[in-house]
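The following dialogue takes a reader through several features of a model.

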Amino acid sequence: SDKTDDTYEDYRWFEGSAIEIAEQVYAALQPYKKTRAVFTEGSLEREELPAYSDFPLREGIVNALAHRDYEAHSGGAKVSVYPDRI
């Protein structure tokens, strides 16, 4: 749901360089990417299209890492997955 609570379906902590973390988070989010099926008139096959392209997902991860608080003890960034958005 859109509300946060103390129960998480998936909770992970990633460590390494910013580049390594970005790659790990991107890979971890792949199962949550929604697709939609598009049927073109005159075709018997459907086309699977992602709900959004990979660029915004990568951009969001990089921005979260670049703008995190490096003075904080954890220096972390949080990524939340909701039914209609990441």
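Q: Is arginine 46 buried or exposed?
A: Arginine 46 counts as exposed because its relative accessibility is 53%. The model is a predicted one, in which local features need pLDDT of at least 70 and side-chain atom pairs count only at pLDDT 80 or more, while totals for chains, interfaces and linings use all residues. Residues are numbered from 1 along each chain as its sequence is written, and side-chain values use heavy atoms, with hydrogens and water left out.

Q: With which residue do the side-chain atoms of arginine 46 form a salt bridge?
A: A salt bridge is a side-chain nitrogen of Lys or Arg within 4 Å of a carboxyl oxygen of Asp or Glu. Arginine 46 meets glutamate 48 in such a bridge, at 2.6 Å from N to O. Glutamate 48 counts as partly exposed because its relative accessibility is 42%.

Q: How many salt bridges does the structure hold?
A: The structure holds three. One of them joins aspartate 10 to arginine 12, with the closest N and O atoms 2.9 Å apart. Aspartate 10, at 34% relative accessibility, is partly exposed, and arginine 12, at 43%, is also partly exposed. Another is formed by the side chains of lysine 33 and aspartate 54, at 2.3 Å from N to O.

Q: Which parts of the chain does the pair of lysine 33 and aspartate 54 link?
A: Helices (H or I, at least four residues) and strands (E, at least two) are DSSP runs, numbered from the N terminus. Lysine 33 lies in the loop between H1 and strand E1 (35–39), and aspartate 54 in helix H2; the two are 21 residues apart and link distant parts of the chain. Aspartate 54 is partly exposed, with a relative accessible area of 28%.

Q: Which residues make up the largest nonpolar core?
A: A nonpolar core is a set of buried Ala, Val, Leu, Ile, Met, Phe, Trp, Tyr and Cys residues joined through side-chain atoms within 4.5 Å. The largest one here has eight residues: Ile21, Ala22, Val25, Tyr26, Leu29, Leu57, Ile61 and Leu65.

Q: What is tyrosine 26 in contact with, leaving aside its neighbours within four places in sequence?
A: Contact means heavy atoms within 4.5 Å. On that basis, tyrosine 26 touches Lys33, Asp54, Leu57, Arg58 and Ile61.

Note on methods
Buried < 20%, exposed > 50% of the residue type's maximum accessible area, 1.4 Å probe, protein only.
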